[in-house]
Amino acid sequence: MQQPGRAAEIKANGIGKSFGSFRALDNLTLDIGRGEFLTLLGPSGSGKTTFLMILAGFVQPSEGRLFSDGVDITNRPAEQRAAGMVFQGYALFPHMSVEQNIAFPLKVRKKSAAEIKSRVGEMIERVGLKGHEKKLPAQLSGGQQQRVALARALVFEPGVLLLDEPFSALDKSLRGQMQAEMKRLHQETGTTFVFVTHDQSEALALSSRVAIFNHGKLLQVGKPDEVYDRPANRFVAEFLGEINMLPVKGVRPADNGATGLCEDRAVNMRCKAEAIKGDAILAIRPEDMSIAPEASANQNGIAATAVASTYLGAATKLDLTTRQGARVTVSVPNEVAAAALSKGNSVWLTWPAEKGFLLPDGGQ
Amino acid sequence: MRGTLSDRTGAALLMAPLLLFLILAYAWPFLGVVKWSFTLPTPGLGQYHALLTDELVQSVFIRTLRIAAIVTVVSVTAAYAITVVWVRGSPVQRVLAEFCILVPFWISVLTRAFGWVALLSNRGLVNTWLQSIGFISEPLTLVRNEFGVIVGMSHFLIPFAVFPLASAMRSLDERVLLAARGLGSSRMRTFWTVFVPMTRSGIIGSALITFVFSLGFFVTPAILGGGRSVMIAELIYLRIFQSPDWGLGAAISVVLVVFVGALMALLFRYVKPKQLV
């Protein structure tokens, strides 16, 4: 996080943090690539914010080492790391104007007045705050404060930008707008972004990779589609979005995948069964299942009865109960849902073999 | 928070005895003082005219303002340092600071004034110690002058200066300080460019309270000033009790009350009453 204008590459090696008897972060090893947009995702208390604070230098890890561009920075104080940071609630200097806020990191670095002026001007233009230069933070809207915070954190060209739930205070439409803006800033600056959120859709929409945390442990890191389509465990699968879980029995390897018994019918999976044998959980996203009048013997399908529907506009969420009593939710076109409900009797739930994946039975 | 009407009526009833007391014990007698200032010894504005021309009165006014200003700077500065430790120090430091802030409240102002005399007089602790280590040969005049008054008054007023500052420091968003550090600012720089400006309302409140209190000091300057550093309250006392000049004493009182009232109005424009405790 030293050379200005150059994206940093960060390595966390066995980082752990305890607060008294509370284990906030446990043996975290993670490489953050140069210029990547990494999201730390997890529920509150999962350790994601603690890790961000360790990256910023505000929290000292209990064990493990942290490297930036190969240099050990574990003991380097925050003010010397100089990572750009955007806080929850923005943490703008209330007594300084927009201009002064953005100029602060440059003044600290003793840049010349001319350079400060030109870079602050450029940054104000870039985040669309022209005309607001002399205002105080209290005179700005939430979205504008957010832009000041981003501009202040990026103006000194830090190697890494750390963002702690920056959009949590914004309403939904503004959120979408700010997300797009942040993605653009990431592309323009090429800086490494580390972004903390508990909103999985935000994580999937923005990141080049997502790291999912729970109970102080890093559970999985991967590209958004990897973690969404192939979650490593049940927690990740459920946290990233709604998902149906069906018990499968007698799982064994088969031609290009695995096979097993679900509700007494043979089902095929495209994933490998080496790690999982015997009883397991078959997980399928609601949008990957469809409703059919019947299913042929070589097609994945189980019988179910539609019990309720929720109209969502573009589609309908349909709740069904299988013969053995498992609850399943599917997202289907509106007219399909209406037909399934009006029939009042049995329909078939089908899904392509590559869309179902196996998770170990019971465990997280 | 806005209470319901009955809530507010209830609060007004609870406040009523205090208000009544203030009217009977302060406002009413003060109206008498105002009357004196216009009627004694003869009706008219004569005493106020004398106030503007009397050199002694003017020099006391100027001395009072000067001492109050110096005491304010000394007290607020010292209180700021103490409050930083009290609000942001380690648990041990906090307890220690709290002790130092509260103990003076338990000791009477007279006791404290005489304590300073004992410390600062020609054969007091400070002078004997400085002489014994050979730092000075002749005792320094530390008391019965303006210096002694300033020391004694500041000592009395520091705890009062602490509370508005503590309130401002407690309400400060910790993340803003983290942000400053994260942006590369050293602790010193963060303190001067972020922490101090953000506690501005506390500094104003603390300074105005100290200044207003200083203007009306009587016992401390009377003892530590030794008659050589008379302040306005002592002058009023002398006019009323030692020279039969009630009219002038009353006029000085009225000017002082009006001046303090204006300062209080200014104070409440900058800080809310709840920030002062």
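Let's start with A:Asp72, which is partly exposed, with a relative accessible area of 35%. Its partner in a salt bridge is A:Arg65, and the closest N and O atoms of the two are 2.9 Å apart. A:Arg65 is also partly exposed, at a relative accessible area of 34%. Before I go on, please keep in mind that this is a predicted model.

Staying with charges for a moment: how many salt bridges does the structure hold over all chains? The count is 22. Let me show you a few of them.

In chain A, the side chains of A:Asp69 and A:Arg34 meet in a salt bridge, at 3.0 Å from N to O. A:Asp69 sits in the loop between β4 (63-68) and β5 (71-72), while A:Arg34 sits in the loop between β2 (22-32) and β3 (37-41), so this pair ties together parts of chain A that are 35 residues apart in sequence.

Over in chain B, please find B:Arg66 and B:Glu146. They form a salt bridge whose closest N and O atoms are 2.7 Å apart. B:Arg66 belongs to helix α3 (residues 55-88) and B:Glu146 to helix α7 (residues 146-170), so the pair ties together parts of chain B that are 80 residues apart in sequence. B:Arg66 is partly exposed, with a relative accessible area of 37%, and B:Glu146 is partly exposed as well, with 22%.

Some salt bridges share partners. Which residues do they join into one network? In chain A, they are A:Arg23, A:Asp26, A:Glu63 and A:Lys217.

Charges also meet rings in chain A. The charged end of A:Arg152 sits over the ring of A:Phe93, 4.6 Å from the ring centre. Then there is A:Arg285, which lies over the face of A:Tyr228 at 4.0 Å from the centre of that ring.

That brings me to rings with rings. Over all chains, the count comes to 22 aromatic pairs. One of them is B:Phe218 with B:Tyr237: the pair is tilted, with 5.2 Å from centre to centre and 55° between the planes. This pair links distant parts of chain B, since B:Phe218 is in the loop between α10 (200-215) and α11 (219-224) and B:Tyr237 is in helix α12 (residues 232-242), 19 residues apart. B:Phe218 is partly exposed at a relative accessible area of 31%, and B:Tyr237 is partly exposed at 34%.

Which residues form it? They are B:Trp86, B:Phe105, B:Phe156, B:Phe160, B:Phe163, B:Phe213 and B:Phe217.

While we are on helix α12 of chain B, have a look at B:Arg239, which lies there. At 17% relative accessibility, B:Arg239 counts as buried, because the cut-off for buried is under 20%. What is B:Arg239 in contact with, leaving aside its neighbours within four places in sequence? The answer is B:Leu56, B:Pro244, B:Asp245, B:Trp246, B:Leu248 and B:Gly249.

Now to the surface of chain B. B:Met15, B:Leu18, B:Phe21, B:Leu22 and B:Tyr26 make a nonpolar patch of about 550 Å². B:Tyr26 is exposed, with a relative accessible area of 55%.

Let me finish by zooming out to chain B as a whole. How many helices and strands does chain B have? Its secondary structure comes to 13 helices and zero strands. The C-alpha atoms fill a box of roughly 70 × 70 × 30 Å along the principal axes. Chain B has 277 residues, and 41% of them count as buried. Among the contacts in chain B with a separation of 6 or more, 71% come from residues 24 or more positions apart. Finally, chain B exposes about 15700 Å², and carbon and sulfur atoms supply 72% of that.

Notes:
Residues numbered from 1 in each chain as written. Chains lettered and ligands numbered in written order. Heavy atoms only, no water. Patch = residues over 30% accessible without salt bridge, like charges linked within 9 Å, V, L, I, M, F, W, Y side chains within 5 Å. Areas by Shrake-Rupley, 256 points an atom, 1.4 Å probe, with all protein chains shown as cover. Salt bridge = Lys/Arg side-chain N within 4 Å of Asp/Glu carboxyl O. Buried < 20%, exposed > 50% of the residue type's maximum accessible area, 1.4 Å probe, protein only. Phe/Tyr/Trp six-rings, centres within 6.5 Å; stacked < 30°, edge-to-face > 60°. Helix = DSSP H or I, 4+ residues; strand = E, 2+ residues; numbered from the N terminus. Lys NZ or Arg CZ within 6 Å of the ring centre and 35° of its normal. Contact = heavy atoms within 4.5 Å.
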